Amino acid sequence: MKKGEMAAGLVESVTFPNHGVMTVAGVPVHVKGVIPGQHIRARITKRRSTSCKAAFPEVTERSPLETEPVQCAVFGACGGCFYQRVPYAEQLNIKAAMVEKLLRPYLNPGIFEGITGSPVETGYRNKMEYSFGDAVKGGPMTLGLHKKQSKYDVLDLDDCILTDDDFDRVRCFTRDYFTAAGLSFYHKITHTGYLRYLVVRKGIRTGRLLIMLVTSSQAKPDLQPWVDGLLALDLAAEIDGVIHTVTDSFADAVKDEGSRVLYGRDYYEERLFDLTFRVTGFSFFQTNTLGAEVLYGKVIEYLGDCENKRVFDLYSGTGTIAQIVAASAAEVTGVEIVEEAVEAAKRNAAENGLTNCTFLAGDVLQVVDGLTEKPDLIILDPPREGIHPKALPKIIDFGVDRIVYVSCKPTSLAKDLAAFTEAGYEVTRACCVDMFPYTVHVETVCLMTRTK
């Protein structure tokens with residue numbers, strides 16, 4: 001096989017996240033984005049002495065696992081709901097097997113406790129960031145998600161199974177209103193145009209909506225008719241706030257370079273574990289509210305007895321886990337690099353009547369140097385890339401007996417576990433919690449116990 005040639009075969013196994021292996025003429029061929037049991041054709045992109053890499057798989061025969069009907073018109077093109085044809089129980093089995101295989105070098109037999117599914121399989125997302133654009137160059141304006149493997153094409157999502165009807169009503173009205181108003185979307189190549197993103201957030205427990213329109217500064221239309229139209233929609237939830245945010249950043253990301261409230265307030269409230277949390281347009285909050293309670297329940301279970309103990313919650317975000325743990329701990333200190341998240345954590349803790357929480361703004365790499373009091377327990381919930389290599393030894397040097405590590409990217413977790421096990425920690429419990437049904441993503445929780 002040479003680079004550029006097509007290879008065909010059976011996907012024999014997969015590793016996280018959906019990196020499959022098929023054997024062609026005795027040579028292992030690795031290809032991303034496949035399901036065990038599929039027959040595929042893929043183009044060779046790299047030839048090595050003992051293996052090959054391939055890309056852009058075309059399914060010629062479905063896997064026996066693919067038995068469900070497709071529920072979305074853009075399935076395959078969107079790429080979000082990768083497992084839409086796979087029954088949910090099988091999705092869980094695939095994810096658990098991939099994570100267990102990845103972590104096996106660090107787990108004794110019987111340590112891995114499997115996977116817990118989401119309490120809801122569809123309509124679970126409490127936040128969506130939609131992009132304005134077009135599906136084909138020069139076509140009508142769309143408002144949705146990027147087409148798979150494309151930086152520019154944006155697909156409408158008229159029947160997305162990950163959100164409820166309120167999201168779609170807000171999105172469709174916004175698209176149609178601005179199309180009729182003749183306002184253009186922001187073009188990433190020329191950096192011209194007005195409309196950039198629509199962010200919709202919903203309190204699943206409280207039934208409140210927060211809507212944020214993100215634009216450039218290249219036009220100044222009257223947005224009040226759009227707001228009035230939103231308020232007139234037949235929605236299940238009540239709109240708490242409508243916000244207009246302006247950004248002229250070249251980055252393809254929602255950034256706040258100035259916001260104003262067009263209606264109501266700039267946050268909504270959500271409830272977890274009998275605690276109330278303010279969520280703003282830019283707050284980090286788990287996208288599956290009911291799943292978050294399952295995930296945080298596992299963290300509390302793995303953490304064990306916290307009474308009279310000092311707990312460090314490193315990479316604490318808006319302090320959700322810290323405040324849940326604070327109910328039983330003597331003292332909790334959260335560290336988070338995003339200042340807005342730290343301020344939100346402080347405000348939420350005060351409103352929940354928690355006086356034993358302290359939240360510090362800064363990079364864990366630097367902040368831990370100034371923490372003079374030693375913790376009894378540590379919670380780690382780092383970003384996708386994992387813990388900074390220079391921060392790892394500082395965390396290990398605290399010498400606590402128990403560390404609970406929450407990871408949204410198991411490959412990063414495996415990398416960090418290597419350092420912890422070398423330093424004398426042993427993984428004594430591990431499991432997965434599925435927060436993202438139908439997608440390739442999964443959360444993993446590990447309890448590490450100091451053995452030497």
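I started with salt bridges: this predicted model has a count of 26.

I looked up Asp 156 and Arg 171, whose closest N and O atoms are 3.2 Å apart in a salt bridge. Asp 156 sits in strand β10 (residues 154–156) and Arg 171 in helix α2 (residues 165–181), so this pair ties together parts 15 residues apart in sequence. Asp 156 is partly exposed at 22% relative accessibility, while Arg 171 is buried at 0%.

Arg 171 also meets Asp 168 in a salt bridge, at 2.9 Å from N to O. These two are 3 residues apart in helix α2, about one helical turn, and both are buried.

Next I checked Asp 158 and Arg 175, which form a salt bridge at 3.6 Å, N to O. Asp 158 is in the loop between β10 and α2, Arg 175 is in helix α2, and 17 residues separate them. I noted Asp 158 as partly exposed at 47% and Arg 175 as buried at 13%.

Which residues are linked in the network of salt bridges? I found Asp 156, Asp 158, Asp 168, Arg 171, Arg 175 and Asp 176.

Then I turned to strand β4 (residues 27–32). Its covered face holds Val 27, Val 29 and Val 31, and its uncovered one Pro 28, His 30 and Lys 32. β4 runs antiparallel to β3 (residues 19–24), with 6 bridges joining them. I saw His 30 partnered with Val 21, and also standing opposite Lys 53 in β6. β4 and β6 (residues 52–61) pair in the parallel sense over 3 bridges.

Last, I noted a surface patch of positive charge: Lys 3, Lys 32, Lys 46, Arg 48 and Lys 53.

Notes:
Residues are numbered from 1 along each chain as its sequence is written. This is a predicted model: local features need pLDDT of at least 70, side-chain atom pairs count only at pLDDT 80 or more; totals for chains, interfaces and linings use all residues. Side-chain values use heavy atoms; hydrogens and water are left out. Buried means under 20% relative accessible area, exposed over 50%, partly exposed in between (1.4 Å probe, protein chains only). Helices (H or I, at least four residues) and strands (E, at least two) are DSSP runs, numbered from the N terminus. Two strands pair if DSSP finds at least two bridges between them. Patches are made of residues with over 30% relative accessible area and no salt bridge: like charges are joined within 9 Å, nonpolar side chains (Val, Leu, Ile, Met, Phe, Trp, Tyr) within 5 Å. Accessible areas come from the Shrake-Rupley method with a 1.4 Å probe; for residues, only the protein chains shown count as cover. A salt bridge is a side-chain nitrogen of Lys or Arg within 4 Å of a carboxyl oxygen of Asp or Glu. Lys and Arg count as positive and Asp and Glu as negative; His and the chain ends are not counted. The place of a charge is taken as NZ of Lys, CZ of Arg, CG of Asp or CD of Glu.
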